[in-house]
Amino acid sequence: MRKKIVAGNWKMNKTLEKGVSFSDDLKQRINASDSEAIVVLGVPYIHLDRMAHLSNDLYSVSAQDCSTKESGAFTGDISSSMIASTGAQYVILGHSERRAYHRENNADLATKVDRCLLDALTVIYCCGEQLEEREANTHFEVIKSQLSEALFHLTAEQMSSVVIAYEPVWAIGTGVTASSDQAQEMHAYIRSLFEEKYGKAISDDVSILYGGSCKPSNAEELFLKEDVDGGLIGGASLNPSDFIQIIDAI
Ligand code: PGA
């Protein structure tokens with residue numbers, strides 16, 4: 001069965017102290033909520049260990065990237081096995097900010113996906129088109145190559161450890177959300193690509209999250225769409241009261 005997931009992406013925000021106090025606040029809110037969503041918090045590396053141990057299984061923690069390498073002389077980098085050793089269960093890969101500011105390409109991401117799966121981490125793989133690509137009507141092609149080049153070497157069994165996040169770049173941090181119809185159209189297309197490659201059972205099971213200015217006021221409308229299985233939430237995941245409203249919207 002397809003999982004319903006609300007994942008936060010804190011990006012480069014919050015000191016460790018602020019992260020811990022967010023965790024305390026969020027746990028109380030999750031305890032009081034009857035949402036059945038799986039809650040994931042994508043936090044900076046320095047928060048992983050502490051937040052994983054504080055979670056009481058009410059949420060899981062996720063890194064926001066990992067190295068393509070297993071270990072060695074790569075100053076400043078963090079490997080998937082180091083992430084797994086903290087108690088984190090997820091890694092966000094291929095976020096458009098990593099693609100833009102760190103020049104990550106689909107081939108690098110294919111390697112990172114492999115590393116994470118070897119360490120039994122679940123990957124939240126981000127894909128999304130730029131505004132110019134949508135305007136030029138190439139958005140379906142862009143998404144197809146982002147998925148096929150980084151993921152389609154995986155076996156059907158490995159695909160059960162991958163979650164997709166569709167995040168149109170023009171909607172990230174801009175306040176402009178894709179309409180629920182635009183989101184549904186792309187999510188259905190993504191699912192059809194999985195069906196073509198892996199068959200119906202796998203495509204029915206893959207969770208496809210929407211990301212890009214998702215907030216309490218629009219989450220429910222987005223989540224009501226048939227192929228939208230939750231969200232990857234940036235700005236609105238920094239505030240426990242906004243974040244729980246999105247969790248409740250599931
Ligand atoms: P946003 O970010 O919700 O602030 O638009 C989403 C993301 O970048 O994952």
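Hi everyone, let's start at the ligand: 13 residues surround it, and the closest are Lys11, His95, Glu167, Gly173 and Ser213. Please keep in mind that this is a predicted model.

So who is in that shell, by class? Seven of the residues around the ligand are polar, four are nonpolar and two are charged.

Now for the individual contacts. His95, one of the closest residues, uses its side chain here: an N or O atom of that side chain is 2.7 Å from an oxygen atom of the ligand. In Gly234, a backbone N or O atom sits 2.9 Å from a ligand oxygen, and for Gly235 the corresponding backbone distance to an oxygen atom of the ligand is 2.8 Å. How much of the ligand's accessible area does the protein cover? On its own the ligand has 280 Å² of accessible area, and the protein covers 94% of that.

Let's move on to the pockets. The largest pocket has a volume of about 580 Å³. Which residues lie nearest its centre? Those are Tyr45, Gln64, Asp65, Arg98 and His102, out of 21 residues that line the pocket. If you're looking at the secondary structure, find helix H4, residues 96-101: this helix gives the largest share of the lining, three residues.

And the make-up of that lining? In the largest pocket, eight lining residues are nonpolar, seven are polar and six are charged. For the shell around the ligand, remember, the counts were four nonpolar, seven polar and two charged.

Key: Residues numbered from 1 in each chain as written. Predicted model: local features only at pLDDT ≥ 70, side-chain atom pairs only at ≥ 80, totals over all residues. Heavy atoms only, no water. Near = heavy atom within 4 Å. Polar contact = N/O pair within 3.5 Å; in protein donor to acceptor, adjacent residues only side chain to side chain. Areas by Shrake-Rupley, 256 points an atom, 1.4 Å probe, with all protein chains shown as cover. Nonpolar A, V, L, I, M, F, W, Y, C, P; charged D, E, K, R; others polar. 1 Å grid on protein atoms, 1.4 Å probe; cavity = no way out; pocket = protein on both sides within 12 Å on 5 of 7 lines; lining within 4 Å. Points joined across faces, edges and corners; volume = space filled by probe spheres on them. Helix = DSSP H or I, 4+ residues; strand = E, 2+ residues; numbered from the N terminus.
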